[in-house]
Amino acid sequence: MLLLEVKREKARVGNMPELPQGTFDMLVLKALSLGPMHGFGIGQRIQQLANDMLQVEEGTLYPALYRIESRGWINSAWGLSENNRRARFYRLTRSGRRQLAVERSEWEHVSLVINKVLQAT
Amino acid sequence: MTTAKLFWQRLRALRRSDQIHSEIAEELRFHIEQRAAENVRRGMAPEAARDAAERRFGHLSQIREEGYDVRGGGGIEAFVQDVRFGFRMLRLNPGFSALAILCLTLGIGSNAAVFSWIEGILLRPYPLVVGQDRMLAISGTSRGVPGAPGNSTNMSWPDLLDLQKNCTLFDWFIVDRITGTTLSIGDRAETATGSIVSSNYFDAIGVHPVLGRGFQPEEDFGRNAHPVTVISYQMWQDRFHADPGIIGRTQMMNGMLHTIIGVAPKGFYGTFVGRAMQFWVPISMQEKFDSAQPGYKLEDRGAHWTEGYVRLKPGVTLEQAQQEVSAVAKRLELEYPETNRGRGVKLFRLWQTPFNNAGTLLPTLGIAVAVVVFVLLIVCANVSNLLLFRSFGRRHEMTVRLAIGASRSRLVRQLATEGLIFATLATAGGLLIAHWCRNLLVLLLPRGGGLMNLPGEIDWRVLALTAAICLVATMLFAVVPAMQASRIDLAVALRAEAGGVVSGQRRAPVRSGLVLVQVALSFVLLVATGLLMQSLRQMEDTSPGFLRRGVLVTGIDFNGAGYDAQRIKNSEDQLSDRLQAVPGVASLVFARKTPFSLRGYSSARIAVDGYIAAPDELPTVNYNEVGPGYLATMGIPLLSGREFTRDDIETTPPVAIVNETMAAQYWRGQNPIGSRVQVNGRWIQVVGIAKTSKYRNLIETPEPFFYVPMRQSAMGSTLTIRTLLDPGTVSKALVREVRAIDANLSPLELITMQEQVDRTTATQRVSVMMLAAFGTVAVFLAAVGLYGVMSYLVSQGTREMGLRMALGATPSDVLRMVMSHGLALTAGGLTLGAVLALSSTRLLGYLLYRLSPRDPVAFGSAIVIMVVAAMTASFLPAWRAAQTDPLRALRN
């Protein structure tokens, strides 16, 4: 499951504990659910959504993007950026949308359970 | 993404690998530039901004690699790279590669050939015949029939018709009974093999004549009423020169002119394993063509002559079908007790057909399979050793690759791919060999009379099996060296002194193990060869009970020339007189059959005064119709009584000579001479007792047998001549005398009796030759393997040798040390081999004639051969070791 997927790299967070790989992938999917974007922009978007409480490392982002793309949850294609430069844009696919919903409900369930245990006296 | 989609994506990426690399680079560059721009916006200097941006990426090249791992060719690309590299390695070491591929081709090719033979004989023995997987052979069984396996015997035509009428689980019943005729070719006559078949034969098996027609239902009935024949494509081409007007032409066969009504398609040889049929005649012609017993038998329920096949309806099992026919047979037994008492019906799978050569081939095929599997294992051990040797030579390359970051699994994969290349090339070569060798199947079949044609087919089953062997072989010989290579200890390897990089030990356990296996397997092959060779010699030394030297065998087909009985008798008398006058001819006799010919004897129901048969037993004994003085000419001792003379003719009382075994079995100690025996209902007086000899082959057990005069029974066409002249001279004289009687007649092939006897041991001889050939190759390979290991060990231990010599060891000491190491290895292999051999030669048991599977001579000579080979193999490395210059060795 999510918290047990401890692989090589983890997303670094400012003062917060490291995110496991699976959780970060979920955030990428969420970011793309708001619309197609290139790699740089995805990093920006996630940071914005997290009110800068999260810093996205390039060394984590791109492997994550490539990995998610190989699972078929996102597509990529060349496009033009805001300043008319050629960039690789990523887009959520239908199965990606489904995956996001699945992971999201799992995450909510897990955090509920954990919180319950922690709140016990 | 599904695995399939991923596969296709990776495949497509193979072609665009450069493009993918540049795309990833461009994408990352964009990101860096955006970041740099933002840094500038935040107030950094452009230079610093760009540096900071790049630093955030960390290991840029690693990220690019990861990206390519996901988007690029992946495993497929790695595989393609490995293949390319493998081919390059192959070209760089042509000698070594050629040797390895050759060895493998031998191993894989021989396996493919044998499997195609098995396919040809067991699975689909009849080319062009439809539906063979549901086809079964049908035969009768009877209690009290001598000499046939499982009491198998033939069925009668009325019985078969009844079966056909009453059984529901079959598509059809057909009769296919082998027969022959004599066709004259110049100075000689030749036997052509053919079949008597039921009218539904061609339609049932789905083979339709390319010219003319097959048979029609009415041609099943009537006594010799339909002299028509369908000839084979080969006969049409060879004998009739592909005459387009062949339909309607006539051919004299067995004394009657037959009209040719059809030509079978090319490549169709009938339905008899081991023989190519040249012609087919309908059942109504049975009397003319049935060689076993004279007489019109189509309406005689007690005349058992048909052999045939059935085809099951789809979904019916053998057991169900067997039940049905047995039930019908039981009913017939009750309805017709005089003829059917104790008779049953049995269905056989095609490879167990009792009435053709399939049964004789099985043991030989079994040996062939075992041999080629052994050879394959030996070859794999050998190639494995070769690869180990080469990976030792490539250790620097491996070390460097590991040092700069290759994973061990990648190394193993690459070496395994190289091995796979060898195996694939060898498989291709092997299939080619198998294709060329499929006609060699003919060697396994008994020769003598008639053309033999039985190619094994290379079909998808053989291909699949060969591919499987290829993969197994790769794993056997490539993986071990690969695993060894990947275990290189980097620290040790990078140091200049190579103290045995690949194995790290002085003993080379894997290589020694491989050589041990090779020696063991070769030993087993040698032992098997020795056993079969001895068995063969025992067989050939067995006295058959009649003379083999100084006796010639031939025949004249008077019957086929259209002579009637009286004319045959006159001609035979004339010919006897004329030939007897030829100087050098001691005696001669005509008979219906000669011993050890491939045609069976007639058999008859007998009854003896005072002998009570068991309730379900129908005593039946084989017999031969012979001319006067038969026993004397053949050299069979007459124990008491008299021989037949020219005075025993149709009008004098019928007489018979029985053999010892028959006398013992049916007269139980009393003297049979003077008493009567009833043969097929006719009472005959016994006038002599002959010594029991062998009648069909050298290894048969004594069985009852009797002789009757030809004049009183049926005329025969074989001629046995007792003479010390050579066959060439006699042949000329024979042709001359035969022509003098009738210018149109020719004698059949003239051979010595020894040759006729030898033809029955042909399959054993072939097995021995095969084993000997492969055994030699195996010993050679084992010796090469031993040589390789010893060389390696010697080169590893140069320093130690040098030290010993410096401390006072003489060259001969060193020689002795190395040779004894080699002998020790061999001894280990021999022990393993001996264990293997002792436990497995039991399987040869039934093939060994009067020989124990543990015969010491065979084992002993095998040991001697292996030791000699081992000593030869270890001598050269030992010699080189003894030549070591101690100073140079120590300095290195």
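**Close-ups of a predicted model**

**View 1. Where helix 26 of chain B meets helix 27 of chain B.** From helix 26, Pro811(B), Val814(B), Leu815(B), Val818(B), Met819(B), Gly822(B), Leu823(B), Thr826(B), Leu830(B), Ala837(B) and Leu838(B) touch Phe859(B), Ile863(B), Met866(B), Val867(B), Ala870(B), Met871(B), Ser874(B), Phe875(B), Ala878(B), Trp879(B), Ala881(B) and Ala882(B) of helix 27 (contact means heavy atoms within 4.5 Å; helices are DSSP runs of H or I, at least four residues, numbered from the N terminus). Sorted by class, that's 20 nonpolar, three polar and no charged residues (Ala, Val, Leu, Ile, Met, Phe, Trp, Tyr, Cys and Pro count as nonpolar, Asp, Glu, Lys and Arg as charged, the others, Gly among them, as polar). This is a predicted model: local features need pLDDT of at least 70, side-chain atom pairs pLDDT 80 or more, while totals for chains, interfaces and linings use all residues. Residues are numbered from 1 along each chain as written, chains are lettered from A and ligands numbered from 1 in written order, and side-chain values use heavy atoms, without hydrogens and water.

**View 2. A salt bridge between Arg86(A) and Glu26(B).** Their side chains meet at 3.1 Å, N to O (the cut-off is a side-chain nitrogen of Lys or Arg within 4 Å of a carboxyl oxygen of Asp or Glu). Between chain B and chain A the count is five salt bridges, and 20 residues of chain B contact 30 residues of chain A.

Key. Helices (H or I, at least four residues) and strands (E, at least two) are DSSP runs, numbered from the N terminus.
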